[in-house]
Amino acid sequence: MALQRELDLDLDPELVWELVTRPDDLAAWLGDEVDLQPVEGAAGRIVDDDGTVRRLVVGEVDTGRRLSWDWWEEGDAEGTRSRVELILDPTEAGTRLRVVEVPLTVEPVAALTPRASASLGRRWNRMLADLELLAMLRSPLLHRV
Amino acid sequence: MTVPRGRELDLAGPRLEALADPTRRALLGQLAEEGPLSATRLAQGRPISRQAVAKHLQLLESVGLVTSTRSGRETRFDTCPGALRDLAGWLAAASDAWDRRLDRLAARARERAGERAQG
């Protein structure tokens, strides 16, 4: 159970692997500033496009096939920590890239404004589809807060 | 039973695991609409025993997704919306962030494919 995304690319896995590991390529999509070495145990740092700064530690590196890392917000000792996996599978047209992000810990949302809460409610549809939680798709879960 | 606030942080993974089971999601859905309800009431109309329902509820309670209150001889269960809200908040942010990243990655890949076609 996790957040999942799939992207079909018209590039061979070797080239997609470059996109997800070479510094100049990573900086073009993963965040505004990216320090991520595809080396198991390597520590790094990413500044997201919204300014969020994350620390990371690289987990598994299976060249051309799989890359994983754990990341968490900088200075956020007890905050949200999650594991990201990028999985490359060859297809006829090129490569299917799967992204899986699993929260290891989630920071409690202490005070959501009613407006923010309503906005979350509207977004349930897609989030739950992501998580195959369709059976639970009943907004009262959120609106009874 | 309520989960102490300090434990909240450790429960995201177990909560998602608990939600991976369709029966438990259906139980949560019913509690959200009609709760609080007893295990007996929740077992009605389901192809599983009251004991099996109780086991699912126990698991959901252990990860803080439902609470139970005793009233007389009956234990009634209800959802803990706050726990789901925390997960929903994380999911909303993480989903949006990956959509943006993968849009950029797709654009970069198209550039790369174009370069190769020309070169």
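Modeller: Gladly! In chain B, helix α1 (residues 5-8) of chain B has the lowest confidence, with a mean of 43, while helix α4 (residues 39-43) of chain B has the highest, at 96.

Colleague: Which residues of chain B have a pLDDT below 50?

Modeller: That stretch is residues 1-9 of chain B. Beyond near neighbours in sequence, it has 20 contacts in the model. Where pLDDT is low, the predicted coordinates should not be read in detail. For chain B, the average pLDDT is 82, and 85% of the residues score at least 70.

Colleague: What ipTM does the predictor give the complex?

Modeller: The ipTM is 0.74, and the pTM is 0.66.

Colleague: Now the folds, please. How many helices and strands does chain A have?

Modeller: Chain A has four helices and seven strands, in the order β-α-α-β-β-β-β-β-β-α-α from the N terminus. Chain B has six helices and three strands, following α-α-α-β-α-α-β-β-α along its sequence.

Colleague: And what do contacts tell us about each chain?

Modeller: Take contacts between residues at least 6 apart in sequence, and ask what share joins residues at least 24 apart. In chain A that share is 33%; in chain B it is 51%.

Colleague: What percentage of residues is buried in chain A?

Modeller: Of its 145 residues, 48% are buried. For chain B, with 119 residues, the figure is 50%. As for surface, chain A exposes about 7200 Å², with 45% supplied by carbon and sulfur atoms. Chain B has about 5800 Å² of accessible surface, 49% of it from carbon and sulfur atoms.

Terms used:
Residues are numbered from 1 along each chain as its sequence is written. Chains are lettered from A and ligands numbered from 1 in the order in which they are written. This is a predicted model: local features need pLDDT of at least 70, side-chain atom pairs count only at pLDDT 80 or more; totals for chains, interfaces and linings use all residues. Side-chain values use heavy atoms; hydrogens and water are left out. pLDDT is the predictor's confidence in each residue, from 0 to 100. Helices (H or I, at least four residues) and strands (E, at least two) are DSSP runs, numbered from the N terminus. Contact means heavy atoms within 4.5 Å. Buried means under 20% relative accessible area, exposed over 50%, partly exposed in between (1.4 Å probe, protein chains only). Accessible areas come from the Shrake-Rupley method with a 1.4 Å probe; for residues, only the protein chains shown count as cover.
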